[in-house]
Amino acid sequence: LKGKGKTPTSVDPPIALQTNDGKWRSEKAWPPADATSYSAKLKSGSYTDDTLNNGTADSFGGTLGEGIWTFSPPVKHETRFAGVPRLTFTQHSDVQNANLTAAIYDVDAQNNATLISRGTFLLAGTGSNAFDLYGNEWVLPAGHRLGVLISSSHAEWWQHVPTFQDVNVDTASMRMSFLRCKRTKTIQGAPSIFLENYLEAAPFEVDAATVQAGTDPAFPLPPALSS
């Protein structure tokens, strides 16, 4: 301590992070060095830029899950999402300043979708673009699947201005990173109060027919974690 002539006996980790299971661990860098990227081709389609869609269920008003969905098959083993996702897409629309919002969800066996990451973009008419979503680290248990939604908005999070025009997504892909190696060591720390409330209030149910129609067997998923 300063002025006491004593050397601290504890060393803080370079990076301390908490995953959605409430556990904390140390990393030398983030995204971690063993994070490997996969690019998933997304389904094409269109949506109306009415900015009424919400990204999570922990708010009042709006709709949930409206837009263009793509789902992975259920993962066969624990899968650790880790990094900064990036959406690349081409679209055509007749107006300037339409909204395009992308989100990634953890979808459980009962089709309840919990938001993992999101990002939004203001379109300048027809063209090709790319943007990053929020970085995150998230553990998907076996039997869960990834869901990617392209929509007009997350109205509970951003103050979008609607154009009420159709946006046609012609091509799109989402680059996502996953850990290659298991993480078994934890450090001191309790789950945050926000995390508990979020996991309880944020999920919403996606219609089973929507999941079935949007599932792509070719959606790339990482292999089992190595020791």
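Predicted model: local features only at pLDDT ≥ 70, side-chain atom pairs only at ≥ 80, totals over all residues.
Salt bridges, then. Side chains of opposite charge can pair when their charged atoms come close. How many salt bridges does a search of the whole structure find? Seven. I'll take you through some of them.

Start with Arg183 and Glu27. Their side chains meet in a salt bridge, 2.7 Å from N to O. Glu27 has a relative accessible area of 9%, so it counts as buried: the cut-off is under 20%.

A network of salt bridges links Arg25, Glu27, Asp34, Glu137 and Arg183.

Next, back to Asp132. Its side chain meets that of Arg86 in a salt bridge, at 2.8 Å from N to O. Again, distant parts of the chain are linked: Asp132 is in strand β12, residues 127–132, and Arg86 is in strand β9, residues 86–92. They stand 46 residues apart. Now the opening question.

One more pair. Arg118 forms a salt bridge with Glu156, and the closest N and O atoms are 2.8 Å apart. Arg118 lies in strand β11, residues 112–124. Glu156 lies in the loop between β14, residues 145–151, and β15. The two are 38 residues apart, and the pair links distant parts of the chain. Glu156 is partly exposed, at 23%.

On to the core. The largest nonpolar core holds 40 residues. Those with the most contacts inside it are Leu87, Leu100, Ile104, Tyr105, Ile150, Met174 and Met176. Which elements give two or more residues to this core? They are β7, β9, β10, β11, β13, β14 and β15. β10 gives the most, with seven residues.

Look at Ile150 for a moment. Leave out residues up to four places away in sequence. Ile150 then touches Leu42, Tyr47, Gly67, Ile68, Leu87, Leu100, Thr101, Val169 and Ala172. Two of those names, Leu87 and Leu100, were also on the list of residues with the most core contacts.

Now the threonines. Thr70 is found in strand β7, residues 68–71. Thr70 is buried, with a relative accessible area of 1%. What does its side chain reach at 2.9 Å? The backbone nitrogen of Lys43. Lys43 is also among the contacts of Thr70 once neighbours within four places in sequence are set aside. Others on that list include Leu146, Gly147, Val148, Asp216 and Phe219.

Thr184 is our other threonine. Buried or exposed? Exposed, because its relative accessibility is 70% and the cut-off is over 50%. Thr184 lies in the loop between β15 and α1. Thr184 and Ser227 are 43 residues apart along the chain, and their C-alpha atoms are separated by 9.2 Å.

That's the tour. Over to you.

How values were computed
Residues numbered from 1 in each chain as written. Heavy atoms only, no water. Helix = DSSP H or I, 4+ residues; strand = E, 2+ residues; numbered from the N terminus. Buried < 20%, exposed > 50% of the residue type's maximum accessible area, 1.4 Å probe, protein only. Polar contact = N/O pair within 3.5 Å; in protein donor to acceptor, adjacent residues only side chain to side chain. Contact = heavy atoms within 4.5 Å. Salt bridge = Lys/Arg side-chain N within 4 Å of Asp/Glu carboxyl O. Core = buried A, V, L, I, M, F, W, Y, C linked by side-chain atoms within 4.5 Å.
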